[in-house]
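Subject: Structure handover

Hello,

Here is the structure I promised you. Please open it and keep it beside this email as you read.

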Amino acid sequence: MRGACFSYVKPKHTAKPSLIHFSSEMLNELGLSDEDATSEEFLKVFSGNEILPNTNPYAMCYGGHQFGNWAGQLGDGRAINLCEVKNKGKNWALQLKGAGETPYSRNADGLAVLRSSIREYLCSEAMYHLGVPTTRAVSLMLSGDAVLRDVLYNGNPDYEKGAIVCRAAESFIRFGSFEILAAQQDDKTLKTLVDYTIKHHYTHLGSPSKRVYLDFFKEVTARSLKMVIAWQRVGFVHGVMNTDNMSILGLTIDYGPYGWLEGYDHGWTPNTTDSANKRYRYGNQPQIVLWNLLKLANAIYPLIEEAKPLEDILTAYQEELPVAYVKMMKSKLGLQELDKEDGLLIEELENLLQSSETDMTIFFRQLSNLNKAKSIDGLSIVKEAFYAPQEIEGKLKSQWLDWFLKYQKRLEKEIASDAERKAFMNTINPKYVLRNYMAQLAIDSVDKGDYSVVSELFMILEKPYSEQPENIKWFAKRPEWARNKVGCSMLSCSS
Ligand code: AMP
Ligand code: MG
């Protein structure tokens, strides 16, 4: 499609929508109440069966680089923007995912299955409460229609329950929205879209000019860095960081084959589609953001016509990344004072965490129980985090003991007391994240008509940094049955 950024389209009429869950907090953001969510009208509007008066739903056109290659035009193949809501000084675009075909569906059906919808719904809200920039989720519904899917792409398609998530964000514009216009050499529409984005979403930068385009790119860079550092902090692996899945606002977007680190491993990705190259593995995410920013720079270049200032911004990202990373890792260790050896201390820890299959969430949360007095043995404090404690023996054990000695010595430099450090660390290191098997348990139970696990997880994940002793069963290592189970640690791209 040329000369346009979106196409008007109506959501599909669904057979028998039914509500599984809604986010009270998001309803409140939109100026709605819990009671509103129980109405017949809510069911109709948030399933796409009824269009609100004076609104014009549309699907967006975008392109993208997928797994390192230009993939041409993609677009909202199964997402439809319903309308925008202004409330409490914020602007929310509401989008239904899985509401039927659009002009961008190519040969797919525009639908979403229950399992991927539950995953998107729970994870967007969990990420928000973890303090990670993200799109939000308003509601999760069953469409009442059956959807045909081949889960493992091995020639065994089967019918699954269809679902629709309503997600919300200030805007859903992506890097790929600009790339498609540059690829079409349509500088006029490109300028219209960049100007629109600045006017509505980067208003503080002032009216568009070459200088403002550079300021805009610089801020997208800063926001994307902030987002990816937050992912690394909580152990989130996006799984499919194609440029069409990069928000121009620096929000985590498109929860597909994402996963959470259980065993700390820079080389891990949950996405089976990417298993050969592991391009989007945990440890590579900050570099991929840079690669994606380079593609965005190329896309907006025609408006700037000077490569140097764009390159300078990308160079600054490369310089800021290690600084931001070390700062984040120091915060996970509760280190606030300066010490030139901190980089090394972090590197040694990362190596040890990887040579000892260690649960990331449990390790960092437990670490806050250490004290400066060396009266507590570090290894015993974090022992719950090891998947194979019997292997922490010999040389490995003495390396761990050495590391803890160094760390405890380093803690002496800290002005904050043990109690203060613990309180601080517990605002950085979550106790509860959406472990891969937890989402799968929610999926299995909804499939049987039981919505209680979704509600339970949703509530726990609203307070991921709180102790919640009553929910301690979710502060546990991944059970053995989930290690290599499809849906738990192995997911494929589209569903
Ligand atoms: P994703 O990997 O989910 O980011 O999707 C990549 C592209 O495929 C996007 O343009 C999606 O809109 C499109 N897509 C994925 N699944 C479907 C589907 N079931 N129907 C139509 N388009 C889809
Ligand atoms: Mg996508």
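Below are notes on some helix pairs and on the ligand.

This is a predicted model: local features need pLDDT of at least 70, side-chain atom pairs count only at pLDDT 80 or more, and totals for chains, interfaces and linings use all residues. Residues are numbered from 1 along each chain as its sequence is written, chains are lettered from A and ligands numbered from 1 in the order in which they are written, and side-chain values use heavy atoms, without hydrogens and water.

**Helix pairs**

Two packed helices are described by the angle between their axes and the distance between the axes. Axes are lines fitted to C-alpha atoms, for helices over the stretch in contact, and angles run from 0 to 180 degrees between N-to-C directions. Helices are DSSP runs (H or I, at least four residues), numbered from the N terminus.

Start with α7 (residues 210-234) and α8. Their axes come within 10 Å and cross at roughly 165 degrees. The two are therefore roughly antiparallel (angle over 145 degrees). Their crossing is right-handed (the near helix is turned clockwise from the far one by less than a right angle). Contact means heavy atoms within 4.5 Å. In α7, the residues that meet α8 include Y213, F217 and W231. On the α8 side, L293 and I300 are among them. This contact has 14 nonpolar, four polar and one charged residues. Ala, Val, Leu, Ile, Met, Phe, Trp, Tyr, Cys and Pro count as nonpolar, Asp, Glu, Lys and Arg as charged, and the others, Gly among them, as polar.

Next, α8 (residues 285-304) and α9 (residues 307-332). Their axes come within 10 Å and cross at roughly 165 degrees. So α8 and α9 are roughly antiparallel. α8 passes α9 in a right-handed crossing. L290 and L294 are among the α8 residues here, and they belong to a contact that includes L310 and L314 of α9. By class, there are 14 nonpolar, two polar and no charged residues.

Last, α15 (residues 436-447) and α16 (residues 452-460). They pack at about 150 degrees, with axes 7 Å apart. That makes α15 roughly antiparallel to α16. The contact has seven nonpolar, one polar and no charged residues.

**Ligand 1**

Polar contacts here are pairs of N or O atoms within 3.5 Å:

- An oxygen of ligand 1 is 2.6 Å from a polar backbone atom of G75.
- A nitrogen of ligand 1 is 2.8 Å from a polar backbone atom of G110.

Best wishes

Terms used
Parallel < 35°, antiparallel > 145°, perpendicular 65-115°, else oblique. Polar contact = N/O pair within 3.5 Å; in protein donor to acceptor, adjacent residues only side chain to side chain.
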